Amino acid sequence: MAKNQNLTGEVYYPAPEIVEQVHIQDFEAVHQQAMADLPGFWGQIAAENFEWYAPWEQVLDDSNAPFYKWFVGAKVNLVHNALDRHQRTAIRNKAALIFEGEQGDRRTYTYQQLNHEVCKFASVLRAMGVKKSDRVTIYMGRIPELMIAMLACAKIGAIHSVVYGGFSTEALHDRIEDSASKVLITCDGSRLRGKIIELKKIANEAVDRAGTIQTVICIKRTGQEVEMVPGRDHWYHDLMNLPIADPNAPTEVMDAEDPIFILYTSGTTGKPKAILHTHGGYMVGTATTLKWVFDIKPEDVWWCAADPGWITGHSYIVYSPLVVGATSFMYEGAPTYPYPDRWWHLVARYGITILYTAPTAIRGLMRFGENWPERHDLSSLRLLGSVGEPINPEAWRWYYRVIGREKCPIMDTWWQTETGNFMITPLPSMPLKPGSATRGFPGVEVDVVDEEGNSVPAGEEGYLVIKTPWPAMLRTVYKDPDRYVRQYWSRYAEQGWYLPGDSAKKDEDGYIWVIGRIDDVIKVSGYRLGTAEIESALVSHPAIAEAAVIGVPDELRGNIIKGFCILRQGEEGSERLEKELRDHVGHEIGPIAKPTTVDFVDSLPKTRSGKIMRRVLKAQVLGQDLGDLSTLAD
């Protein structure tokens, strides 16, 4: 992409041949059309791109806001659109999922084969007594059976609750109890970094303490001996070979507003919240955003390198790629195992055309330098994506230059478990600025406001708000509607705006720069400093791969800044480097932003989605209770 100065700052313009071939060429025109008639805009998309058993009476019911309803009265099932309808077309013979395990084992499922497996497992669940609206907890590694289990639940109208396969006994138990699940689907174990994570052992301990689980279904993945409780525990492969496993199982007809899943997300404080999503709106939102933002074409091989245990995996590994008829790639293991080029080897081997991953993974791979990716042919890539937290400009440039070879636009997406789909994102036809998520998706009105709800001037920090409802939005916090209203809608209740809990800036061109969680702002001598800005400055130093900063209370200045840095390969920490880093931040941002101290560390506490848990660092430094650690990746 050529650089150009029509917009302010550092701008990357897409090549004309990219713009000519994408689904949406004129963002402004489409966005204005959406804002002029939001129900009409989404109604047309829903009618033209999806199959419904019965039509809606109303696209959007806002009479009981913020408990919005979409496609009111319509009958649908997301799995009908993801699998059933494709069986009538040539898509049935296309690869739906290509899988590689960490040890190199491989499997491919066509749409017909995947449907076959999902139907059989849906029949098994029905035979086990699972009915519409029952909750089923899924706790396993990143393998195809996880996708099959989710789809089978949705097919029969059960509500799945996926718990990330790295969570502790306590975290799994709490989520089973809260959801009152009657069935748990797990594995004997999963593989990560050459080790086996003993999922069945953890599951047994959690189920022994949870009173609601009646049945445990276990997939044999690693083959080690595990305890199976007679009468309660069943092997997946045994059940799938029984006559009850019907490959022609019918799909349950659901109301558009019926729940499809709950997914637990952590707050910075308090117990995790079960976010509830529904069949109709979630389907329309996720599939439309995937198709437009990543310009999905029939020949693409799409790799969302997330875990299905968090929302990115739900939306962009399991559901929307199948709805749009894409070929997805899934990899079981870690990006650096056994060597730091595992991902680049996979991109070359499978001809991956679109890679979507988190800044934390990009920064982690940056540590190992450019030689590893340069060994591989990455020419199949045509688009890159970023998700999970704001991407540092330095990491953006490395990703663009080294991985994308300066020809792949980067779709830097901001969204949440709660939003269900991308909310602030470029389209491939739009000019890009490193570190900015660009603009609200068409039909999503985003602003940055002050305490009173006034739009703040360009360059000034404020609260990120979403002013319009959207189809894939969360409907409530499961079993806690008061918390739903209090958490997301109470601050700007008069205006009816959704508050995500992030701070942001808007520049002169209307581009949004997400700074981080509102809690991730440090006040030093009266100045508000975003942790992301200071961390970006630290990471822009050639010795640093990753950084986190926290505010530590100080009598004189209110807070002082303490930094934690992971060094790039071959670098060593020293007092001299610490001083150099402090001066570097002072030069990049200003003296007020200089960390008082910088510690060199081997790792940082992160959630499963790659967000740095700064509150854990702060609690450690201050000697406080660490609080809920259930969402920590490690």
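**Reading the features**

Trainee: Which ring does the charged end of Lys220 sit over?

Mentor: The ring is that of Trp235, and the charged end of Lys220 lies 4.7 Å from its centre. A second example is Arg375, whose charged end sits over the ring of Trp372 at 4.1 Å from the centre. Please bear in mind that this is a predicted model.

Trainee: What is the mean pLDDT of the chain?

Mentor: pLDDT expresses the predictor's confidence in each residue, from 0 to 100. Here the chain has a mean of 93, with 96% of its residues at 70 or more. Residues 1–5, however, have a pLDDT below 50. In the model this stretch has 17 contacts beyond near neighbours in sequence.

Trainee: Let us turn to the aromatic rings. How many aromatic pairs are there?

Mentor: Two rings count as a pair if their centres lie within 6.5 Å. With this rule, the count is 35 aromatic pairs. One cluster is formed by Phe67, Tyr68, Trp470, Tyr484, Tyr488, Trp489 and Tyr498.

Trainee: How many bridges join strand 23 to strand 24?

Mentor: Two strands count as paired when there are at least two bridges between them. Strand 23 and strand 24 (residues 462–466) are joined by four and run antiparallel. Among the residues of this pairing, Val446 has Ile466 in strand 24 as its bridge partner.

Trainee: How many bridges join strand 24 to strand 26, and which residue is the bridge partner of Tyr463?

Mentor: Two bridges join strand 24 to strand 26 (residues 502–506), and the two strands run antiparallel. The partner of Tyr463 is Ser503, in strand 26. Strand 26 is in turn joined to strand 27 by five bridges, again antiparallel, and Lys506 stands opposite Ile512 in strand 27. The hairpin of strand 26 and strand 27 has five residues between the strands, and in this hairpin Gly510 takes a positive phi near 85°.

Trainee: Which residue other than glycine has a positive phi near 55°?

Mentor: Phe71 has that value, and Phe71 is placed in strand 4.

Trainee: What is the pairing in the sheet of seven strands?

Mentor: The pairing is mixed, and the open sheet has the order 7-6-19-18-20-21-22. Strand 7 (106–110) and strand 22 (410–412) are the edges; each has a single partner strand, so one side of each is left without a neighbour in the sheet. The average twist is 20° from one strand to the next. Helix 11 (residues 311–323) packs on this sheet and touches strand 6 (95–100), strand 18 (301–304), strand 19 and strand 20. The direction of helix 11 makes about 160° with that of strand 18.

Trainee: Do strand 20 and strand 21 run parallel or antiparallel?

Mentor: Strand 20 (residues 354–357) and strand 21 (residues 383–386) run parallel and are joined by four bridges. In this pairing, Ile354 stands opposite Leu383 in strand 21.

Trainee: Now the helices. At what angle do helix 2 and helix 3 pack?

Mentor: Angles of 65 to 115 degrees count as roughly perpendicular. Helix 2 (residues 27–36) and helix 3 (residues 38–49) pack at about 115°, with their axes 5 Å apart; they are therefore roughly perpendicular to each other. Val30, Gln33, Ala34 and Ala36 in helix 2 meet Leu38, Phe41 and Gln44 in helix 3.

Trainee: At roughly what angle do helix 13 and helix 15 cross?

Mentor: Helix 13 (residues 359–366) and helix 15 (residues 393–403) cross at roughly 70°, and their axes come within 10 Å. These two helices are therefore roughly perpendicular as well. Ile362, Arg363, Leu365 and Met366 in helix 13 meet Glu394, Ala395, Trp398 and Tyr399 in helix 15.

Trainee: Finally, which residues does the cis peptide bond with omega of about 10° join?

Mentor: That bond joins Ala65 and Pro66, and Pro66 lies in the loop between strand 3 (58–61) and strand 4 (69–72). The peptide bond from Tyr337 to Pro338 is also cis, with omega near 0°. Pro338 lies in the loop between strand 19 (327–331) and helix 12 (342–350).

Methods: Residues numbered from 1 in each chain as written. Predicted model: local features only at pLDDT ≥ 70, side-chain atom pairs only at ≥ 80, totals over all residues. Heavy atoms only, no water. Contact = heavy atoms within 4.5 Å. Phe/Tyr/Trp six-rings, centres within 6.5 Å; stacked < 30°, edge-to-face > 60°. Lys NZ or Arg CZ within 6 Å of the ring centre and 35° of its normal. Axes fitted to C-alpha atoms, helices over the stretch in contact; angles between N-to-C directions. Parallel < 35°, antiparallel > 145°, perpendicular 65-115°, else oblique.
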